[in-house]
Amino acid sequence: MGLILSVDIGGTQIRAALFERGSTTPLRAERTPTKAHAPGVYDRLEALVASIWPQDQTVDAIGLASPGPLDPHTGIVIATPNIKEWKNFPLTEKLFARFHVPVFLDNDANLACLGEWKFGAGQGHEDVLFLTLSTGIGGGVVSGGRLMQGYHGLAAELGHTTVWPDGPLCGCGKHGHIEAISSGTAIARYAREQIEAGRPSLMDSLSTITSRDVSDAAAQGDLLAIETLARAGKYLGIALANFLAAFDPSVVIFGGGASNSGPALFDPLYASLRENIFDPTYLKNLTFAKATLGDDAGLLGAQALAVLSAPDH
Ligand SMILES: [Zn+2]
């Protein structure tokens, strides 16, 4: 049985690790700065893979987690906001030409979902909904024991679900997507706008505001911070009611920094979910969990994708 080589392409660093199938402890691991705006991102990635390639064992497959949008069926990165030189970039084809093993690719949120399912908070479930609340909102869905990828490979872009047609502008250019209201970036932006409009707050002395600052202020009883998180939670509850109606999971896993916002975010979220859910049966025996893999979710998800996709030797 051969090894699996996993790669996680992040905004600041590219990580690579060599695993035995099903192991969460890498045999070897290395990382290199992405330098996303400098030329040669692919060359750095290829050199990183070569640096941990085993001399005395077989590699069955390479699994790759990359920011999207991308097409997992063709292995082409359509575009990523960070890495400007990757436009319709044939990532898996190039790695296959160099290393001569099957290469599998999906976006980081889908693979975080897959990683949590196989190795983390989703173990034992066959229907998993994963939401990461960080600078953006990413999503992934495992349905009936399979990762949903979709016809174009663009399934489960849950952050770009419309919950408020006349709402704030999303980074993608459309209005009222849940990412534009409830991501960490959106939470911080709303708090800043309200302070600039003259609302009193403990945060008014801060030169920059993060979603963490909003959580901290809410914990100290700051009314604007509490309202900001309640607003984000209310719309997340609406989005989640939609996601439950679409996917009917047995576990909902929250990842990302803003998922640490505590009851100030989650109490309004659950209240809104109960208010908006089509039928209470969706909530019966539904588990809510926090992601457990942290920074390793992409690497482990990429391993899981390669294991599921590549036969044993
Ligand atoms: Zn959007």
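A residue counts as buried when its relative accessible area is under 20%. H177, at 7%, therefore falls on the buried side of that cut-off. Keep that idea handy while you look around this predicted model.

- For four tetrahedral donors, the ideal angle at a metal is 109.5 degrees.
- Is H177 buried or exposed? H177 is buried, because its relative accessible area of 7% is under 20%.
- C172 has a relative accessibility of 40%, so C172 counts as partly exposed.

**Two domains**

- The protein chain splits into domain 1, made of 3-107 + 297-309, and domain 2, which covers 121-291.
- Taken over C-alpha atoms, the centres of the two domains are 28 Å apart.
- Where the domains meet, nine residues of domain 1 are in contact with eight residues of domain 2.

**Salt bridges**

- How many salt bridges does the structure hold? There are five, and three of them are described here, starting with D296 and R15, whose side chains meet at 2.7 Å, N to O.
- D296 sits in the loop between strand 13 (287-290) and helix 9 (297-309), and R15 sits in strand 2 (residues 13-20), so this pair links distant parts of the chain, 281 residues apart.
- R15 is buried because its relative accessibility is 12%, whereas D296, at 35%, is partly exposed.
- Another salt bridge joins the side chains of R21 and D60, at 2.9 Å from N to O.
- Why does the pair of R21 and D60 tie together separate parts of the chain? R21 lies in the loop between strand 2 and strand 3 (28-33) and D60 lies in strand 4 (residues 59-66), so the tied parts are 39 residues apart in sequence.
- Both R21 and D60 are buried.
- E227 and R199 form a salt bridge too, with 2.6 Å between the closest N and O atoms.
- This pair also links distant parts of the chain, 28 residues apart: E227 is in helix 7 (residues 223-247), and R199 is in the loop between helix 5 (184-196) and helix 6 (211-219).
- E227 is partly exposed at 28% relative accessible area, and R199 is partly exposed at 29%.

**N107, in a strand**

- You'll find N107 in strand 8 (residues 103-107).
- N107 is buried, because its relative accessibility is 7%.
- The side chain of N107 reaches two backbone nitrogens: that of A109 at 3.0 Å and that of N110 at 2.8 Å.
- Which residues does N107 contact beyond its neighbours within four places in sequence? They are S66, G68, L70 and E157.

**V49, in a helix**

- V49 belongs to helix 1 (residues 41-52).
- With a relative accessible area of 0%, V49 is buried.
- Setting aside residues up to four places away in sequence, V49 touches L5, V7, I62 and F99.
- V49 and A16 are 33 residues apart along the chain, yet 6.5 Å separates their C-alpha atoms.

**S201, in a loop**

- S201 is in the loop between helix 5 and helix 6.
- S201 counts as buried because its relative accessibility is 10%.
- A polar atom in the side chain of S201 lies 2.9 Å from the backbone nitrogen of M203.
- The side chains of S201 and D222 are joined by a polar contact of 3.1 Å.
- Not counting residues up to four places away in sequence, S201 touches I195, D222 and L224.

Key:
Residues numbered from 1 in each chain as written. Predicted model: local features only at pLDDT ≥ 70, side-chain atom pairs only at ≥ 80, totals over all residues. Heavy atoms only, no water. Buried < 20%, exposed > 50% of the residue type's maximum accessible area, 1.4 Å probe, protein only. Helix = DSSP H or I, 4+ residues; strand = E, 2+ residues; numbered from the N terminus. Polar contact = N/O pair within 3.5 Å; in protein donor to acceptor, adjacent residues only side chain to side chain. Contact = heavy atoms within 4.5 Å. Salt bridge = Lys/Arg side-chain N within 4 Å of Asp/Glu carboxyl O. Domains from an automatic or database assignment.
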